[in-house]
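Subject: Structure handover

Hello,

Here is the structure we talked about. Please open it alongside this note and follow along.

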Amino acid sequence: MPCDRRPMRYGHSEGQTEVCFDQTGRFIVTCGNDGDVRIWEGLDDDDPKFITVGEKAYSLALKNGKLVTASSNNTVQIHTFPDGEPDGILTRFTTNATHVTFNSSGSRVAAGSSDFMVKVVEVSDSSQQKTLRGHEAPVLSVTFDPKDDFLASASCDGSVVVWNIEDQSQVISWPLLQKTNDISNAKSLCRLAWQPVTAKLLAVPVETKVHLYERGSWDLVSTLSDDLQTQLINVVAWSPCGQFLAVGSVGGSLTVWDVNRKLCVERQKHEKGFTVCSLAWNPSGSQIAYTDTEGCLGLLDGFSSSTSTSTSTNKQATAKKPGKDYDALFDDDDDDRVMDEGLSDTNSPVKKPVAGDDDDDDDFLMPATGRVRNRGAILDDENSMDTGSLKTGWDKFVNDDDASSTIVPAAAPMAPLRPVYDGPLPTAPQKAFQPGSTPAHLTHRFMMWNSVGIVRGYNDEQDNAIDVEFHDTAVHHAMHLTNSLGHTMADLSQEAVLLACPSTDELASKLQCLHFSSWDTNKEWMVDLPEGEDVRALCLGQSWAAVATSAMMLRLFSIGGVQKEIFSLQGNVVCMVGHGEQLLIVYHRAPGFDGDQALGVQLLQFGRRKRQLINGEPLPLSHKAHLCWLGFTAEGTPCYVDSDGVVRMLNRSLGNTWTPVCNTRETCKSKSDHYWVVGIHENPQQLRCIPCKGSRYPPTLPRPAVAILPFKLPLCQTSTEKGQMEEQFWRSVLFHNHFSFLSSSGYEVDEDGQTRSQKEQQELLMKMFALSCKLDREFRCVELAELMDQNVVTLAIRYASRSRRMALAQRLSEIALEKANQIQEEEEPEEQEVEPEYIAARRPSGYGQSEVTGGRHGNRRNQEEEEEQVEELREEEEEAEEEEAETRKRVNPFAKEASSPVIPSLTPIGKVGRANPFKVLGSARPSSSSPQPRVANILDNMTSSRKSSPLSGSAGKPGKGPVLKPLAPRPRTKTQSTLLQMTSSKKKTQENSQPAAEPQKQPEAPPPASPADNTENKRPKTGFQFWLEENRKSITADQPDLEETDVIKEAMGRFRTLSAEERLSWTERAKGQTGDAADLKKRKRAEGGGEGGGGGGEIENGQAEADENSAKKKKSLDPSAKLSAFAFNKS
């Protein structure tokens, strides 16, 4: 089928363009996005007539001198042709009409619209309308049955429907297309076409194939496809004779099929590869006009009508001869035919005489392997050979009466075809990108947007420059840099700006760093990469820079320009980011299949000990999605976003797995809207992003506004109260993992935030426990109790007992005992640590850690302190440990030896609810079976060394009370309530009953008093304590909301700001009053029988409590009696 592709010409502005011929074939009529209809007298018409029909014209149809157009004012208009006079409005819709078409006689017009409706209107009387309702999304296309009984329509809801026009009912519906919400998002226009003349077949473009359905039976009778048709089909059009079908694709390919023979008889390519959006045959059948989405008009000319019949024998001869010549030319490598690609086609058992090359515009067409598919089918322009004439060479093997019979080639017998792979195809690998940047082809773009600032690139006629702007101008002022090297990549940190450019024919790829935080005058350095190596990704960390190159290498530099380590990557880099000492790299670990990307991830941590935290694990993405953003939260947790809008965060507590924490698509109003992520915070929980309407990324001007999205784990049934609390709990756990990571890495943590998060988690567990109790889910209650800490389990026991659930309360008491034993076991090894090492290992935040979370990470990093700071630190710890000693006495009513029966103590219960089981103590609490010897030994040790005494052992801790005597009464009421103040009023009444009972027990244990006295006499009051007594009122007046622990912290901070002379004077004053205080204490002890003021009594109380515990062991109560007594005590 010889054909000539004419050069295209500009017709309309960019956008959807349509074309048709008039009935004579003399005029080509087009409409487009500029709202004009142009009437061309052939493609060479330099001054076409035009009619303006609206702001935009979406579709047109022409018949019997009537021109019908669908325009942007929601109307279907009619004009006379060729005069272009307005002839009224045929019909209206509530939104834009998308496609219009005439029936075969020209008496009716069908129009589909974005309001989901199809209307059939009489041209002579527009009041006679039929409305076809049933589609659930905008209508893509409509076509009349040539016999005027049926109408077919395709819609964005994924269906192709055949309607009975008279009944206005659906005859059949096929779910063939991909669902979208708007025509602008549709992969294909799916322009249907009904075979003219015979009206036997309906052609439906479905992805890369054309389905042919039979009229009446509505069965799929045939499919037109071949291996070279890899692009989505957009439009189809029948030739006037009904034998040929022209097909236009999204990628610009144009093919013509002989439907009877199921042969592709012509294959052409759009000269620029743009999407073909409309096709029309000349009524003579000799031309095909086509338009693209850029508004251009093209023409395929010279189609021969003789192809529909058997052609002359002289063409057979010319067809055979070149076939032989080419076979002789390739005889040498016949054995290699097995390497040729096979063709999958169920309709024809042989290779088809079709070929196409997407890259070349000539007619010598080859398959993707570079091999000629059929030697007899090579086209030679000089000999005017074409597939049409070659086809006729096979006619002697074909029965002309049976057009669908098998075709046998004239060439030499082929080798049998190998099995053809018909599985998923490899996905094109994602290109490398910089997270936080917009595409490099834009003239004005963001080169980087992160938590530090914004780097913008400008590359237009006036300027090629880079602007750097900081969110916090205290870091640095804004900078304007000329971009003479053509940098395309950038990163920004608190210390430097890092830029990189690709290599050119003359210049190597360069890395440029502006180290603006440097204290010297030379703040800039540059490095040339080796020849043939290009920068693919770069990032900045704390005092280091990293560059990934095209040679699959990663190069590390210091921030000052010193080259450091270099290592090979496991695949081509996609992107990478740095944060502090962490470097996160994502690369291609293998080819992806079926639209998926196969990415791997590496996480390295630099520091004194460099290590790899994640080594080449697969990076999970949504199906058929790619990576859009990679980064760290402000707290240092890796996270990323894929093209489906799913945000995932690293869960360090679950073996470095990735947890989805948000789906930005859920908050988008339209499918074309997206969120462009710029940063993530864990505390407070914030996803910082820029809303982009109709785009994936924002423009540089006007400056985009940052929005904040909430996080939500995709748990089941989050509409229920149970689901909501579960989601809140696990989100709180996940978003506070960074506390343990930071403390283990040697960073100080926000202790208040950590306390709040733990309190929040325990409250949620208690609420879920109460809900499960109401639902009679006792097993679930026990599962929740396993997640609670010891104090909250005690509250749960109280709740279960009050709810008359004694079996549950019994099981919970076993859990409480296990948790108490676990705490004791964890504390045992710490008792054996050497005291001086322990002091050196404690960090400034150790007080808060031991108070709040048990900071067992506090001794990770040794710090040498000055003598004075050590002294103050010791005082701070003594205060903390005094409170711990008080807490420990009433922390757990169940803490006996494992073999002893569980006997709940009634008095301390109120205080148990507020004790903190996670405190790190210098050593474990003494077992109640042998309190006496241990107390004696440790008190002896306390007298030997002043520095080691505060940290010796837990049994000796009560002896430290007198050191901070003025502070002793307050912590009992304030600081014990760090976790869960739910039943505070009940606890307070029970607390008040405790001191009354203690003095009666104290005389039972006089022996430890004298060693404590000796220790007290030898230890003078410090200057800090003396200063605190004087200044406590001013601190509490300034900040009345502070708790006792915070008062001491504030006091320590203020005391340290005093000059050395002032501190020395306070120390001297303290020494001056030490003797008097010691005498006073002795007198008080003599009078009060050991009851004492403050800490002296603490020792005796501790001893008395131990005796009381040993006495309780001898009691034997059955479990129900114990629990009822424990739960219903009214004292």
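Start at Ser732. Leaving out residues up to four places away in sequence, Ser732 touches Ser757, Glu760 and Gln761; contact means heavy atoms within 4.5 Å. The side chains of Ser732 and Glu760 are joined by a polar contact of 3.5 Å. (A polar contact is a pair of N or O atoms within 3.5 Å; within protein, one must be able to donate a hydrogen and the other to accept it, and residues adjacent in sequence count only if both atoms are side-chain atoms.) Ser732 counts as buried because its relative accessibility is 1%. Buried means under 20% relative accessible area, exposed over 50%, and partly exposed in between, with a 1.4 Å probe and protein chains only. Ser732 lies in helix H3. Helices (H or I, at least four residues) and strands (E, at least two) are DSSP runs, numbered from the N terminus.

Before going further, some ground rules. This is a predicted model, where local features need pLDDT of at least 70 and side-chain atom pairs count only at pLDDT 80 or more, while totals for chains, interfaces and linings use all residues. Residues are numbered from 1 along each chain as its sequence is written, and side-chain values use heavy atoms, with hydrogens and water left out.

The whole chain
- The chain has 21 helices and 51 strands.
- Of its 1131 residues, 54% count as buried.
- Take the contacts between residues at least 6 apart in sequence: 53% of them join residues at least 24 apart.
- The accessible surface is about 50,200 Å², and carbon and sulfur atoms account for 50% of it. Areas come from the Shrake-Rupley method with a 1.4 Å probe; for residues, only the protein chains shown count as cover.

The helical core
The largest nonpolar core has 25 residues. Such a core is a set of buried Ala, Val, Leu, Ile, Met, Phe, Trp, Tyr and Cys residues joined through side-chain atoms within 4.5 Å. Met766, Phe769, Met788, Leu808 and Leu812 touch the most other members. Helices H3 (721-735), H5 (751-774), H6 (778-787), H7 (790-802) and H8 (806-831) each give two or more residues. H5 gives the most, with 7 residues. Look at Met788 here. Beyond its neighbours within four places in sequence, Met788 contacts Gln762, Leu765, Met766, Phe769, Val793, Ala796 and Lys819.

Helix H4
H4 (residues 737-744) is mostly covered, with 6 of its 8 residues buried. These are Asn737, His738, Phe739, Phe741, Leu742 and Ser743. They pack against strands E42 (582-590), E43 (598-605) and E47 (646-651), and against H3 and H5. Gly746 follows H4 and has a positive phi, near 90°.

Two strands pair if DSSP finds at least two bridges between them. E45 and E46 (residues 638-642) pair over 5 bridges. Leu630 has Tyr640 in E46 as its bridge partner.

E39 (residues 553-558) runs antiparallel to E40, joined by 4 bridges.

Strand E4 and its partners
All 5 of the 5 residues in E4 (residues 36-40) are buried. Asp36, Arg38 and Trp40 are on one side, with Val37 and Ile39 on the other. E3 (residues 28-31) is joined to E4 by 4 antiparallel bridges. Cys31 has Val37 as its bridge partner. The E3-E4 hairpin has 4 residues between the strands, and Gly35 there takes a positive phi near 85°. E4 also pairs with E5 (residues 49-52), antiparallel over 4 bridges. Arg38 has Phe50 as its partner in E5.

Best wishes
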